[in-house]
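Open the structure and keep the sequence beside it. We will take it one piece at a time.

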Amino acid sequence: MRGAVLNAPGDVRVVDRDQPKITEPTDAIIRLSAACVCGSDLWPYRGIEDVNGPAPMGHEYVGVVEEVGAQVTTIAPGQFVVGSFFASDNTCENCRAGYQTSCVNRVPMGALGTQAEYLRVPLADGTLVATPGRPDDDLVPSLLAASDVLGTGWFGAVAAQAGPGRTVAVVGDGAVGLLGVLAARQLGAERVIAMSRHESRQNLAREFGATDIVAERGDEGVARIKELTGGLGAHSVIEAVGTQESMMQAIRATRPGGHVGYVGVSHDVALPGAELFFSHVHLHGGPAPVRQYLPDLIELIWSRKINSGRVFDLELPLEKAAEAYQAMDERRAIKVLLRP
């Protein structure tokens, strides 16, 4: 089969890879209908994370079940399924508590590489969720978003305790941040402030329900948030970048007693203890337990109550994966969908 690999920073190629096979009785094989490039894929692409190439790429996926192992009972060949970026058994104590990305048996899907034609999904019963039927083609992008960026934005909003009567600020205007805006509004937030300098992303944030746009960053961005909130800061802040600047901007834009939901993949973030101590800000986040939210997100998408697929502003065939990475690296695209 064909699949994307990263050989070295900036060097993505689509090559022949081994066809995946059932190796454990809890596995499933799916034929991928769509995959995509994630903002977190850009960290190794830019050389910020080590590359041990050629490394399979991609961790977001939807597709049709081709084959299941002998112990798989909840899905069957022919079903269209959505899965999380971590495989999980969905039965251990961590999973039952709603933290499937901390499953004691978790398997990172990025190690298997979903930017490909076929995929082996471990722990299929606990990882994959079938849709009510074969989706119309226009629903596929939204279902693909549920595999990671929608579920991650949703977890960010939940962790920040977005809800009725609350003002939510979102730091980061990538796909996760934009879908954090959507999630906050779906959860009933009264006011959602999107922090973005880019007109196209500002427009999409408004489409998803943002009531205010703040273009400033850093201390200026914090000052603007406080100006909009009577000097107090937001009740809830979603941090969707993962840098020192974005994390401190999120904490400083939160009012005392407020909540920060941090879902940007952290890189060299170090929190000043004294400032955090006196801020009275709650912090919660990490790898989003997407599996917890998949049934509800699929229902929202299937009933066309949300259109999370709008974050895909470029679609390319899998063979042009290198172009997809370039477009996102150069910020010419918010998120690129790949069709195998």
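Predicted model: local features only at pLDDT ≥ 70, side-chain atom pairs only at ≥ 80, totals over all residues.

Residues are numbered from 1 along each chain as its sequence is written, and side-chain values use heavy atoms, with hydrogens and water left out.

Start with the sheet. Strands of a sheet pair through backbone hydrogen bonds, either parallel or antiparallel. Here three strands form an open sheet in the order 2-1-4, with antiparallel pairing. Strands (E, at least two residues) and helices (H or I, at least four) are DSSP runs, numbered from the N terminus. Two strands count as paired if DSSP finds at least two bridges between them. Strand 2 (11–16) and strand 4 (55–56) are the edge strands, each pairing on one side only.

Now look at strand 1 (residues 2–8). It pairs with strand 2 over six bridges, in the antiparallel sense. Leu6 stands opposite Val12 of strand 2. Ala8 has Asp11 as its bridge partner.

Next comes a record. UniProt lists residues 25–123 as "domain: Alcohol dehydrogenase-like N-terminal", in an unreviewed entry. UniProt positions are in the numbering used here, feature names are shortened, and annotations may be inferred rather than shown by experiment. Over residues 25–123, the chain is 8% helix and 30% strand. The end C-alpha atoms of this stretch are 9 Å apart.

Move on to helix 8 (residues 218–228). Its buried residues include Gly218, Val222 and Ile225. Buried means under 20% relative accessible area, exposed over 50%, and partly exposed in between (1.4 Å probe, protein chains only). Seen down the axis, the buried residues of helix 8 fall within an arc of 125°, so they line one face. The arc is that of the directions from the helix axis to the C-beta atoms. On the other side, Asp219, Glu220 and Glu227 are exposed. Strand 11 (167–171) and helix 9 (244–252) are among the elements that cover the buried residues.

Which residues does Thr152 touch? Thr152 is found in helix 5 (residues 149–159). Thr152 counts as buried because its relative accessibility is 5%. It touches Phe85, Val176, Val263, Ala288 and Val290, not counting residues up to four places away in sequence. Contact means heavy atoms within 4.5 Å.
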